[in-house]
Amino acid sequence: MSSSGTDPLPVLAEGLLAVGDGHEIFWEESGNRDGVPVLYLHGGPGGRLSPGYRRSAPADRSWIIGLSQRSAGRSTPSAGISGAVDLGANTTAHLVADLELLREHLGISAWIVEGVSWGSTLALAYSQAHPERVLGVVLFAVTSTSRREVDWITEGIGAVFPEGWDALATFAERHGPYRRGTEQRLVEAYRQLLCADGPDADPALVDAAAEAWMTWEDEHIRIGTGALERSSPQTPADEQQRIERRAFARLVTHYWAHDGFVADWAVRWGAEPGSGLLGGMSRLAGIPGVLIHGRRDVSGPTLTAWELHRAWPGSELVMIEDEGHGGPRMVEQWRAAMARLVAQNS
């Protein structure tokens with residue numbers, strides 16, 4: 001069986017793994033259990049597993065593991081259910097620890113790590129923390145969730161989409177603590193709106209804030225992506241989809257308001273405070289890495305991918321000139337990179 005077809009691979013097994021703090025993460029496996037282990041990390045934060053990821057690596061030579069990150073997708077409890085989860089136990093450090101627990105649970109000594117969008121941030125954080133467990137890394141639509149990136153995607157990009165950004169800001173001004181032209185961050189205003197809980201919380205306002213946020217994301221992420229699946233349902237036709245959209249919006253604003261919880265990630269390895277994941281790239285020296293990015297990605301400017309590549313000895317930067325935050329040619333390059341790394345480790 002080949003992973004290059006149009007149908008996703010069947011799931012061989014799935015389960016829930018208790019990781020502490022009352023959380024269980026959903027995981028699934030496909031491909032060949034005797035093949036090279038591959039870990040797939042979805043976007044968001046707060047995204048979900050789309051079946052297409054199971055086509056990312058050669059099915060006959062890869063043991064492909066996917067998971068829903070803490071409080072997202074099919075993991076429990078969902079961040080989309082009010083009062084069900086304490087986001088204080090949801091940080092990048094928690095997610096990295098969850099990945100190690102899953103690796104140990106599955107009896108894997110080392111794996112290829114692939115991450116899409118936010119998943120590339122998590123892939124870098126995990127690989128810097130556990131380089132001995134990483135056979136190679138493939139990053140798609142590269143992010144490192146630095147303050148600069150968060151400020152761009154929540155504020156600066158309004159210069160490209162002024163109508164959409166005005167609607168996003170206006171909602172926060174009418175319903176929350178935000179005032180444009182001040183030092184207040186729009187992402188923090190939405191974090192407060194979306195994470196409101198307790199007896200005085202207004203569920204309708206939370207849902208309205210989630211819709212405002214998702215409408216904005218859908219607007220700026222669409223350039224040059226072709227027909228790729230998105231990480232969150234587009235039309236919340238039922239309560240389950242509304243829960244998924246609340247979870248997505250809550251988690252993404254929670255993480256972005258804290259700059260991905262990675263501003264000081266590399267301090268433990270001697271990097272300067274505030275240097276983010278870029279400060280820890282020397283930890284990946286000797287680990288094969290491919291960074292795939294679209295030149296037209298207005299949500300995540302090329303500068304991040306270029307800086308990470310420059311700081312990562314031996315990495316390869318693949319720039320697709322006519323695509324954005326994903327696209328069919330980027331997917332082709334992704335599968336090709338995965339096939340090379342799998343062949344090198346077979």
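Reader: Which residues lie nearest the centre of the second largest pocket, and how many residues line the pocket?

Author: In this predicted model, the second largest pocket has a lining of 16 residues. Those nearest its centre are Ser 146, Arg 147, Gly 274, Ser 275 and Gly 276. The space in this pocket comes to about 230 Å³.

Reader: What makes up the lining of the second largest pocket, in terms of nonpolar, polar and charged residues?

Author: The lining of this pocket holds four nonpolar, seven polar and five charged residues.

Reader: How do you know where empty space is left?

Author: A probe the size of a water molecule is rolled over the atoms, and this shows where space remains empty. A cavity is a set of points where the probe fits but cannot get out, whereas a pocket is an open set. A search of the whole structure for cavities of 30 Å³ or more finds one. The volume of the largest cavity is about 40 Å³.

Reader: Which residues line the largest cavity, and of what kinds are they?

Author: The lining consists of Pro 45, Gly 46, Gln 69, Arg 70, Ala 72, Asn 90, Leu 95, Trp 118, Leu 251 and Tyr 255. Six of these residues are nonpolar, three are polar and one is charged.

Reader: What is the peptide bond that joins Gly 44 and Pro 45?

Author: That bond is cis, with omega at about 0°. Pro 45 is placed in the loop between β3 (36-41) and β4 (62-67). A cis peptide bond also runs from Thr 76 to Pro 77, where omega is near -10°. Pro 77 belongs to the loop between β4 and α1.

Reader: Why are the buried residues of α5 said to be on the same side of the helix?

Author: The buried residues of helix α5 (residues 186-194) are Leu 186, Val 187, Ala 189, Tyr 190, Leu 193 and Leu 194. Around the axis they cover an arc of only 155°, and therefore they lie on the same side of α5.

Reader: What covers the buried residues of α5?

Author: The cover includes α3 (147-154), α4 (162-175), α6 (203-220) and α7 (239-257).

Reader: Why is Glu 100 called buried?

Author: A residue is buried when its relative accessible area is under 20%. Glu 100 has a value of 11%, so Glu 100 is buried. This residue is found in helix α1 (residues 92-106).

Reader: What does the side chain of Glu 100 make with the side chain of Arg 103?

Author: The two side chains make a polar contact at 2.8 Å. The cut-off for such a pair of N or O atoms is 3.5 Å. Apart from neighbours within four places in sequence, Glu 100 is in contact with Tyr 126, His 130 and Arg 133.

Reader: Is Leu 17 buried or exposed, and how do you know?

Author: Its relative accessibility is 12%, and the limit for a buried residue is under 20%, so Leu 17 counts as buried. Leu 17 has its place in strand β1. Once neighbours within four places in sequence are left aside, its contacts are His 23, Glu 24, Ile 25, Trp 27, Leu 101, Leu 102 and His 105.

Reader: What is the phi of Asp 21, and where is this residue placed?

Author: Asp 21 is not a glycine, yet its phi is positive, at about 60°. The residue is in the loop between β1 (11-20) and β2 (23-31). Exposed residues have over 50% relative accessible area, and Asp 21 has 53%, so Asp 21 is exposed.

Reader: Is Ala 141 buried or exposed?

Author: At 1% relative accessibility, against a limit of under 20%, Ala 141 counts as buried. Its phi is also positive, near 55°, in a residue other than glycine. Ala 141 lies in the loop between β6 (134-140) and α3.

Reader: Why does Gly 314 count as exposed?

Author: Its relative accessibility is 71%, and over 50% is exposed, so Gly 314 counts as exposed. The residue is in the loop between α8 and β8 (316-320). Gly 314 and Gly 286 are 28 residues apart along the chain, and their C-alpha atoms are separated by 6.7 Å.

Notes: Residues are numbered from 1 along each chain as its sequence is written. This is a predicted model: local features need pLDDT of at least 70, side-chain atom pairs count only at pLDDT 80 or more; totals for chains, interfaces and linings use all residues. Side-chain values use heavy atoms; hydrogens and water are left out. Buried means under 20% relative accessible area, exposed over 50%, partly exposed in between (1.4 Å probe, protein chains only). Helices (H or I, at least four residues) and strands (E, at least two) are DSSP runs, numbered from the N terminus. The arc is that of the directions from the helix axis to the C-beta atoms. Contact means heavy atoms within 4.5 Å. On a 1 Å grid over the protein atoms alone, a cavity is a set of points where a 1.4 Å probe fits but cannot get out, and a pocket is an open set with protein on both sides within 12 Å along at least five of seven lines; lining residues have an atom within 4 Å of a point. Grid points are joined across faces, edges and corners, and a volume is the space filled by probe spheres set on the points. Ala, Val, Leu, Ile, Met, Phe, Trp, Tyr, Cys and Pro count as nonpolar, Asp, Glu, Lys and Arg as charged, and the others, Gly among them, as polar. A polar contact is a pair of N or O atoms within 3.5 Å; within protein, one must be able to donate a hydrogen and the other to accept it, and residues adjacent in sequence count only if both atoms are side-chain atoms.
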